[in-house]
Amino acid sequence: MTDLTREAASAFVAAAGLELDEVSGTKVVGHIDLSTDHHTPWGVVHGGVYTTAVESAASIGASTAVADRGEFAVGVHNGTDFLRARTEGRVDVVAVPVQQGRVQQLWSVVITATDTGKEVARGQVRLQNVPMPGSK
């Protein structure tokens, strides 16, 4: 089983701050506690934080969905829209599949401000299912 904890993540992914609360092949739920560590020089959260959360949540869910086949999923396209600027606070991340095929998957991810319930960002990730290194 792959270690999906933030502590096991690369420095880049860990810095984005995504904490996983629920993981399955059909849904990933997590959150990020936004702070000044995530800011642009203009004092708002960098869009790359949201893009990283979208890519990570979709990849984790899609990879979990095909793990029993000795595969994992790699993103081939990420389209993330930034809807509202934030400076701090918790955001919730929810990823669900739109389509799961033998070769590719499409996942939708919504990031919502916990305090207001308003969407902050949303994205879609198309992923390719590929063999785990050394499995085929």
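**Ground rules.** I am working on a predicted model, in which local features need pLDDT of at least 70 and side-chain atom pairs count only at pLDDT 80 or more, while totals for chains, interfaces and linings use all residues. Residues are numbered from 1 along each chain as its sequence is written, and side-chain values use heavy atoms, with hydrogens and water left out.

**Sheet.** I took helices (H or I, at least four residues) and strands (E, at least two) as DSSP runs numbered from the N terminus, and I let two strands pair if DSSP finds at least two bridges between them. On that basis I find an open sheet of 6 strands, ordered β1-β2-β4-β5-β6-β3, with antiparallel pairing. Its edge strands are β1 (19-23) and β3 (71-82), each of which pairs on one side only. Neighbouring strands are turned by 20° against each other on average, direction ignored, where axes are lines fitted to C-alpha atoms, for helices over the stretch in contact, and angles run from 0 to 180 degrees between N-to-C directions.

**Strand pairs.** I looked up β3 with β6 (residues 119-131), an antiparallel pair joined by 11 bridges, and noted that F72 has V130 in β6 as its bridge partner. Between β2 and β4, also antiparallel, there are 7 bridges, and here H31 is partnered by D92 in β4. For β4 and β5 I read 9 bridges, again antiparallel, with A95 opposite V109 in β5; these two strands form a hairpin with 3 residues between them.

**Salt bridges.** With a side-chain nitrogen of Lys or Arg required within 4 Å of a carboxyl oxygen of Asp or Glu, I count 4 salt bridges. One of them joins D33 and R90 at 2.7 Å, N to O, and this pair links strand β2 to strand β4 across 57 residues. I call a residue buried under 20% relative accessible area, exposed over 50% and partly exposed in between (1.4 Å probe, protein chains only); D33 is then partly exposed at 43%, and R90 is partly exposed at 37%. R86 and D115 meet at 3.3 Å, N to O; R86 lies in the loop between β3 and β4 and D115 in the loop between β5 and β6, so the pair ties together parts 29 residues apart in sequence. R86 is buried at 14%, whereas D115 is exposed at 59%.
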